[in-house]
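Let's take a walk through this fold together, from its salt bridges to its cores. Have a look at the chain first.

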Amino acid sequence: MHSPQQRPTKPDLTPPSTPRPDVVQLRARRSPRLIALGVLLVVLGGLGAAALYSMNTDERQVIVMAADVRRGEQIEPGDLRLVDLPGSAGITALPADRFDSLLGQEALTDLPSGSFPLGSHVGAAPLPSGRTVVGLRLPLGKLPSADIDVGTAVRVVGLSEGDQSSVDAVTASLPLALEDGMTFALEVTVADAEADAVARLAAGDLVAVVVVGQ
């Protein structure tokens, strides 16, 4: 019995593959999206660096309080100092060239250390209409020993014999110790109609000041 004859197979004409040498590297395909993303990151990095550079270089020298100054006190050189602020800080402050203009000015409000004084914080407080400023000379025992701020409501009490009068007043200055260390000068505002009487009593050192509640 004859086995069936097999048809001759078609010869394989595919050339044998040649192994790639190790030194030959395939070039990676570059995605346009990745390229665009890389360019974008480079641009953003440049903008960020420029912004940081601008923040560090756009500085200005401004005035800041170096010590506490109470309302009514005069500003002295040791009360102020200069600091550098970045332009992006967004803080309103006087420039360094206004330093001298603040010296000797009266604080119209409390200026704590570290705060930024402005032109509206210093100067002479306007005298209200219908009020008069009277200066008092008060020895120890005729005014409270506690701190008295400008704007404190007080009462000026007459001390002459048989005088039961008293006048409502408001302090217009801080008590200022005189050279003897035992007497203080104090300015108060009183109503125009009572100013003369208070001045006469003050001239004879016949007044005392007491602080009253608001």
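Is Arg70 buried, partly exposed or exposed? Arg70 counts as partly exposed, because its relative accessibility is 25%; on this scale, buried means under 20% relative accessible area, exposed over 50%, and partly exposed in between, with a 1.4 Å probe and protein chains only.

A word on the source: this is a predicted model, in which local features need pLDDT of at least 70, side-chain atom pairs count only at pLDDT 80 or more, and totals for chains, interfaces and linings use all residues. Residues are numbered from 1 along each chain as its sequence is written, and side-chain values use heavy atoms, with hydrogens and water left out.

**Overall layout**

The chain has 3 helices and 8 strands, in the order α-β-β-α-β-β-β-β-β-α-β along the sequence. Helices (H or I, at least four residues) and strands (E, at least two) are DSSP runs numbered from the N terminus. Of the 214 residues, 24% are buried. Among contacts with a separation of 6 or more, 62% join residues 24 or more positions apart, a contact being heavy atoms within 4.5 Å. The accessible surface is about 15100 Å², and carbon and sulfur atoms hold 56% of that surface; such areas come from the Shrake-Rupley method with a 1.4 Å probe, and for residues only the protein chains shown count as cover.

**Salt bridges**

There are 3 salt bridges in the structure, each defined by a side-chain nitrogen of Lys or Arg within 4 Å of a carboxyl oxygen of Asp or Glu.

| Asp149 | Arg70 | 2.4 Å |

Arg70 pairs with Asp149. This pair links distant parts of the chain, 79 residues apart: Asp149 is in the loop between β3 (131–139) and β4 (153–158), and Arg70 in the loop between β1 (59–65) and β2 (80–86). Asp149 is partly exposed, at 35% relative accessibility.

Asp205 is partly exposed at 28%, and Arg137 is partly exposed at 42%.

Asp168 counts as exposed at 53%, while Arg155 is partly exposed at 32%.

**Nonpolar cores**

A nonpolar core is a set of buried Ala, Val, Leu, Ile, Met, Phe, Trp, Tyr and Cys residues joined through side-chain atoms within 4.5 Å. The largest one has 18 residues, and Val134, Leu136, Leu138, Val156, Val188, Val190 and Val209 touch the most other members. At least two residues of this core come from each of β3, β4, β5, β7 (183–191), α3 and β8. Leaving aside residues up to four places away in sequence, Leu138 touches Leu143, Met182, Thr183, Phe184, Leu186, Val207, Ala208 and Val209. Another core, of 11 residues, lies apart from it and includes Leu80, Leu102, Leu111 and Val122.
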